[in-house]
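Trainee: I would like to learn how to read a structure like this one, feature by feature. Could you take me through it with care?

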Amino acid sequence: MKQTSHRLRSSAPSRSAEAGNSGQIPAIGRIFPAPIAPKVPEVIFVFWVVKILTTAGGEATSDYLKSWGNIKGGGTEVGLFVIALVVQFSTRRYRTFAYWSLAYAIAIFGTGVSDFLHLDVKIPYAGTTLLWAIVLIGIFWTWHHNERTLSIHSITTQRREAYYWATVFATFALGTALGDFTATSLGLGYLASGILFGVVILIPALAWWKLGLNAVAAFWMAYVVTRPLGASFADYIGRPRNISGIGFGDGPTAVVFAVAVFLCVCYLAIARPDIQEPLSAADEPERSVAPMSDVPVTNGPERDAQQV
């Protein structure tokens, strides 16, 4: 009987194993509920508008909080990030205000972390750009290695959502460093940098539309560029004239963009045009498939549209 009892105990799956198999994160899964539907919005035109406004607002807000000092300003950024993170992971499906609150908090906190490495640790912009690029590549590799997909339509488990937000954070930090690098280190100024990234963001869209670039790759390429695009224009509006801005001020600029984001998010919450359709079982990537199997050879936008 002792041997039988021992065998039964050893064959029973542990709670951590069950959590791993269900996509839950063992420690966090005991606190936050498991998702029952996609946790991120569908990619529509308004998504890109709000994303760019969020990046601009996060840049201006972080620059304003920097004037409070590292303790007060940095503490505020961390507090906003933690609160928004808890709210988002407490939801079981995509909730407009929860999602965009965390995106905005990451825009602020990611900017603060990137600026801290440059202004306080004294890493040059080229160095912070390379650092965050390596971090982002590492997150993408780990995410795809473990989940076999980078598609936003697969964000239906806690673990995938964690990878998603880690990616978002890295893109914000990378975009901040890259935008400052072009504006300051390369001497383009904020307006020229904004125009430059406004052109660059069209490249993956055109490649997807005309050349059959995989939709997942096109999405994340464009997503990364939204950060320096929005931040460059925010800096152009808020920074003093002697450093290529128009001198509106970081505080007023932050308020303007925050109001713009709030109004757009209100529209999304009421009209709900960005709710993802449920993903069928046939569309879910299998864990036994070969790496990059969710990145098909496509014949154009029609087939790719379902892969983002």
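Trainee: Is E161 buried or exposed, and what is its relative accessible area?

Mentor: Burial is read from relative accessible area, where buried means under 20%, exposed over 50%, and partly exposed in between, with a 1.4 Å probe and protein chains only. E161 has a relative accessible area of 1%, so it is buried. E161 is found in helix α7, helices being DSSP runs of H or I of at least four residues and strands runs of E of at least two, numbered from the N terminus. Leaving out residues up to four places away in sequence, E161 touches K39, Q88, F89 and I155, a contact being heavy atoms within 4.5 Å.

Trainee: What should I know about the origin of the model before reading further?

Mentor: This is a predicted model, in which local features need pLDDT of at least 70 and side-chain atom pairs count only at pLDDT 80 or more, while totals for chains, interfaces and linings use all residues. Residues are numbered from 1 along each chain as its sequence is written, and side-chain values use heavy atoms, with hydrogens and water left out.

Trainee: Where in the chain is confidence lowest, and where is it highest?

Mentor: pLDDT is the predictor's confidence in each residue, from 0 to 100. Its mean is lowest in helix α1 (residues 2-11), at 41, and highest in α11, at 97, while the chain averages 86 and 83% of the residues score at least 70. Over residues 1-20 the pLDDT stays under 50, and the model has five contacts for them beyond four places in sequence. Over residues 285-306 the pLDDT is also below 50, although this stretch has 39 contacts beyond near neighbours in sequence. Where pLDDT is low, the predicted coordinates should not be read in detail.

Trainee: How many helices and strands does the chain have?

Mentor: The secondary structure comes to 12 helices and zero strands, and of the 308 residues of the chain, 46% count as buried.

Trainee: Which residues of helix α8 are buried, and why do they lie on the same side?

Mentor: An α-helix has 3.6 residues a turn, so residues three or four places apart point the same way. In helix α8 (residues 190-200), the buried residues are Y190, S193, G194 and F197. They lie on the same side of α8 because they cover an arc of only 100 degrees around the axis, the arc being that of the directions from the helix axis to the C-beta atoms. Among what covers these buried residues are α7 (158-185) and α10 (215-238).

Trainee: How many salt bridges are there, and which parts does the pair of R227 and E59 tie together?

Mentor: A salt bridge is a side-chain nitrogen of Lys or Arg within 4 Å of a carboxyl oxygen of Asp or Glu, and by this rule the count comes to eight. In the salt bridge of R227 with E59, the closest N and O atoms are 3.2 Å apart. R227 lies in helix α10 and E59 in helix α3 (residues 45-66), so the pair ties together parts 168 residues apart in sequence. R227 and E59 are both buried.

Trainee: Which residues are linked in a network of salt bridges?

Mentor: The network links D63, D235, R239 and D250. Within it, D63 forms a salt bridge with R239, with 2.9 Å between the closest N and O atoms. D63 is in helix α3 and R239 in the loop between α10 and α11, 176 residues apart.
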